[in-house]
Amino acid sequence: SSSAIMSSVALELPVTSLGIWPGLPDGDDDWYATTPWIWLSSDIPGPTYMQWDSTAAPTWTEYVWPYDAFPPPAAGEHTLYFYTEDYLENQEAPKSFDVKADTETPVSGLVLDGIEGQDSYYASDVTATLSASESVSGVAVIEYDLNAGGWTTYTDSLSITSETVNTLLYRTVDNAGNVES
């Protein structure tokens, strides 16, 4: 008579964790206004793989941990995909992490329309038209301050009619909370 010994081994798949600095988005609307740094770690030895914005092969890159922190590939909205496999090629399901990074400040423009006089003064009422551009998170608001009256949300052209020296300050805030300087 022969006897067989059967045993079972519980399969534990690797678990990959993600760390990020700053720990939470430091801008508005879940945007990082400071470049975030990301790192990955696994609970068991084995290669960890990552790629941005796709799970399609063959673009997986081996991540060297624990000291290889990295930023997103560019400003904007991205998804990082990552997983670890052990040395027996047991692989956890790919995980994902969404990150929005915008460290760029928006840019405003000003067009003045009126009858120009001498020495950069106007000899008529002036219409001031503001514009803004922001290519990453988008423009949240354009603001202006006319003659130290306080910041006001810009909605349409301004008519400047006082016959004195006028001071018009303006700025744009993007959706990440970056303020034009």
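Which backbone nitrogen does the side chain of D102 reach? That of E104, at 3.0 Å. Please keep in mind that this is a predicted model.

The protein chain has 0 helices and 12 strands. Its C-alpha trace spans about 115 × 30 × 25 Å along the principal axes. The radius of gyration is 28 Å, whereas a compact globule of 181 residues would have one near 16 Å. Of those 181 residues, 33% count as buried. The accessible surface is about 11,400 Å², and carbon and sulfur atoms hold 51% of that. If you take the contacts with a separation of 6 or more, 56% of them involve residues 24 or more positions apart.

Now D102. You will find D102 in the loop between strand 6, residues 95-101, and strand 7, residues 107-113. D102 is buried and has no salt bridge. The nearest side chain of opposite charge belongs to K100, 10 Å away. What D102 does have is a polar contact of 2.7 Å with the side chain of S137, besides the reach to the backbone nitrogen of E104. Leaving out residues up to four places away in sequence, D102 touches several others, among them W31, Y32, D174 and N178.

Next, the salt bridges. Side chains of opposite charge can pair when their charged atoms come close. How many salt bridges does a search of the whole structure find? The search finds 3.

One of them takes us back to K100, whose side chain meets that of D29 at 4.0 Å, N to O. This pair links distant parts of the chain: D29 sits in the loop between strand 1 and strand 2, K100 sits in strand 6, and 71 residues separate them.

Another salt bridge joins the side chains of E92 and K95, at 3.5 Å, N to O. E92 is buried at 5% relative accessibility, and K95 is partly exposed at 28%.

Then there is E143 with R171, where the closest N and O atoms are 2.7 Å apart. E143 lies in strand 9 and R171 in strand 12, so the pair ties together parts 28 residues apart in sequence. E143 is buried, with a relative accessible area of 16%, and R171 is partly exposed at 23%.

Notes
Residues numbered from 1 in each chain as written. Predicted model: local features only at pLDDT ≥ 70, side-chain atom pairs only at ≥ 80, totals over all residues. Heavy atoms only, no water. Helix = DSSP H or I, 4+ residues; strand = E, 2+ residues; numbered from the N terminus. Buried < 20%, exposed > 50% of the residue type's maximum accessible area, 1.4 Å probe, protein only. Lys, Arg positive; Asp, Glu negative; His and termini not counted. Polar contact = N/O pair within 3.5 Å; in protein donor to acceptor, adjacent residues only side chain to side chain. Contact = heavy atoms within 4.5 Å. Rg over C-alpha atoms; globule rule 2.2 N^0.38 Å. Areas by Shrake-Rupley, 256 points an atom, 1.4 Å probe, with all protein chains shown as cover.
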